[in-house]
Amino acid sequence: MIVRIMGEGQVTLDDSHVVELNKLDDELLEEMESGDEEGFRRTLGALLDSVRRLGTPLPDDALEPSGLILPAPDATLDEVREMLSDDGLIPG
């Protein structure tokens with residue numbers, strides 16, 4: 001799967017990592033619903049760090065269709081709310 005982190009670029013990520021990322025996505029959704037700004041920041045950072053750690057960066061000049069688009073690290077709670085689906089940021 002190709003994942004885009006807004007403002008950073010794209011990485012390829014093996015589908016086997018989706019379960020791990022979904023756990024962080026669920027935490028992020030709970031923190032957003034409760035208005036926990038500190039928890040939201042921490043979990044968004046952990047989610048993006050996991051994608052960076054588990055993924056392989058694509059070259060800067062590569063532009064592949066992204067299967068998943070994640071917010072920038074400095075995205076606000078409201079900006080991320082606008083990106084959410086019923087499943088959170090990560091489907092499944």
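Helices here are DSSP runs of H or I with at least four residues, numbered from the N terminus, and in this predicted model Val-19 belongs to one of them, helix 1. With a relative accessible area of 57%, Val-19 is exposed, because exposed residues are those over 50%. Although Val-19 and Ile-90 are 71 residues apart along the chain, their C-alpha atoms are separated by 9.7 Å.

Two packed helices are described by the angle between their axes and the distance between the axes. For helix 1, which covers residues 18-34, and helix 2, which covers residues 37-54, the axes come within 9 Å and cross at roughly 160 degrees. Angles over 145 degrees count as roughly antiparallel, and helix 1 and helix 2 are therefore roughly antiparallel to each other. The crossing in which helix 1 passes helix 2 is left-handed. Helix 1 contributes to the contact with residues including Glu-20, Leu-24, Glu-27, Leu-28 and Glu-31, while helix 2 contributes, among others, Thr-43, Leu-47, Ser-50, Arg-53 and Leu-54.

Leaving aside residues up to four places away in sequence, Thr-43 touches Leu-24, Glu-27, Leu-28 and Glu-31. On helix 1, Glu-20 has a relative accessibility of 34%, and so it counts as partly exposed. With the neighbours up to four places away in sequence again left out, Glu-20 touches Ser-50, Arg-53 and Leu-54. Glu-20 and Leu-47 are 27 residues apart in sequence, and the distance between them in space, C-alpha to C-alpha, is 9.3 Å.

In soluble globular proteins, nonpolar side chains tend to be buried together. The largest nonpolar core here has 21 residues, and those with the most contacts inside it are Leu-47, Leu-70 and Ile-90. Strand 1 (2-5), helix 1, helix 2, strand 4 (68-70) and helix 3 (77-83) each supply at least two residues of this core.

Conventions. Residues numbered from 1 in each chain as written. Predicted model: local features only at pLDDT ≥ 70, side-chain atom pairs only at ≥ 80, totals over all residues. Heavy atoms only, no water. Axes fitted to C-alpha atoms, helices over the stretch in contact; angles between N-to-C directions. Parallel < 35°, antiparallel > 145°, perpendicular 65-115°, else oblique. Left-handed = near helix turned anticlockwise from the far one by under 90°. Contact = heavy atoms within 4.5 Å. Core = buried A, V, L, I, M, F, W, Y, C linked by side-chain atoms within 4.5 Å. Buried < 20%, exposed > 50% of the residue type's maximum accessible area, 1.4 Å probe, protein only.
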